[in-house]
Amino acid sequence: MERLTTRITMRLLTGDERSRDLDVDWSYRDTEPHAAELDFTSYQPDAVWSLSRDLLLAGLHAPVGEGDVHVSPFDDARVLIALAGAEGVALLAAPSAAVAGFLAETVRLVPPGQEHDRIDWDRGLQDLLTA
């Protein structure tokens, strides 16, 4: 199993003086090839978001998403990520170059179209049966 972890500083946008930078650990495992995780637990317990890698890749170039997660290019240097939860929506800006670099490394680990070869279907089925 290979795991990639990168810290990316994201700006929490609140529209007032409470906007602030957050150091967020982005991680990717080749055994969970469809998702990247954003770990906010240093700011909020149990705050780990699992986002579609395809959604993040597409969101670098055009607005995408429905439901709880939306990703969109913001300007030449940033991408916006909106995360909706029970307490509202968190709007975060991340440097496009950092996000693109992280995603390029995930593509190096598991090229698009080869995700199904990396999934442990037996373990997943066992987890479902024992849950």
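This is a predicted model: local features need pLDDT of at least 70, side-chain atom pairs count only at pLDDT 80 or more; totals for chains, interfaces and linings use all residues.

**From one residue to the whole fold**

Colleague: Let's start with Ser 72: buried or exposed?

Modeller: The relative accessible area of Ser 72 is 19%. A residue is called buried under 20%, exposed over 50% and partly exposed in between, using a 1.4 Å probe and protein chains only.

Colleague: Where does Ser 72 lie, and which residues is Ser 72 in contact with?

Modeller: Strands (E, at least two residues) and helices (H or I, at least four) are DSSP runs, numbered from the N terminus, and Ser 72 lies in β6, residues 69–73. A contact means heavy atoms within 4.5 Å. Leaving aside neighbours within four places in sequence, the contacts of Ser 72 are Gly 59, Ala 62, Pro 63, Val 79 and Leu 80.

Colleague: How many helices and strands does the chain have?

Modeller: Reading from the N terminus, the elements run β-β-β-β-α-β-β-β-β-α-α. The totals for the chain are 3 helices and 8 strands.

Colleague: What is the order of the strands in the sheet?

Modeller: Two strands pair if DSSP finds at least two bridges between them. The sheet is open, has 8 strands and is paired in the antiparallel way, in the order β4-β3-β2-β1-β8-β7-β6-β5.

Colleague: Which are the edge strands?

Modeller: An edge strand here pairs on one side only. From one strand to the next, the twist averages 30 degrees. The edge strands are β4 (48–52) and β5 (64–66).

Colleague: How many bridges join β1 to β2?

Modeller: These two strands run antiparallel, and Thr 5 has Ser 27 in β2 as its bridge partner. Their hairpin has 6 residues between the strands, and there Gly 15 takes a positive phi near 80 degrees. The number of bridges joining β1 to β2 is 10.

Colleague: Through how many residues does a hairpin join β7 to β8?

Modeller: β7 and β8 pair in the antiparallel sense over 8 bridges. The hairpin joins β7 to β8 through a link whose residues number 2.

Colleague: In β8, which residue is the bridge partner of Arg 11?

Modeller: β1 and β8 run antiparallel and are joined by 3 bridges. Leu 13 stands opposite Leu 91 in β8. For Arg 11, the bridge partner in β8 is Ala 93.

Colleague: Now for a helix residue: Thr 106, buried or exposed?

Modeller: Thr 106 has its place in helix α2, residues 96–109. Leaving aside neighbours within four places in sequence, Thr 106 is in contact with Leu 4, Tyr 28 and Arg 53. Its relative accessibility is 0%, so Thr 106 counts as buried.

Colleague: Which residues have the most contacts inside the largest nonpolar core?

Modeller: A nonpolar core is a set of buried Ala, Val, Leu, Ile, Met, Phe, Trp, Tyr and Cys residues joined through side-chain atoms within 4.5 Å. In soluble globular proteins, nonpolar side chains tend to be buried together. The largest core here has 28 residues, and those with the most contacts inside it are Met 10, Trp 26, Phe 40, Leu 56, Ile 81, Val 99 and Phe 102.

Colleague: Of the residues of the chain, what percentage count as buried?

Modeller: The chain has 131 residues. The share of them that count as buried is 31%.

Colleague: Which strand gives the largest share of the lining of the largest pocket?

Modeller: On a 1 Å grid over the protein atoms alone, a pocket is an open set of points where a 1.4 Å probe fits, with protein on both sides within 12 Å along at least five of seven lines; lining residues have an atom within 4 Å of a point. The largest pocket is lined by 22 residues, with Gln 44, Ala 47, Trp 49, Glu 87 and Ala 90 nearest its centre. The elements that give two or more residues to this lining are β1, β2, β7 and β8. The largest share, 5 residues, comes from β8.

Conventions
Residues are numbered from 1 along each chain as its sequence is written. Side-chain values use heavy atoms; hydrogens and water are left out. Axes are lines fitted to C-alpha atoms, for helices over the stretch in contact, and angles run from 0 to 180 degrees between N-to-C directions.
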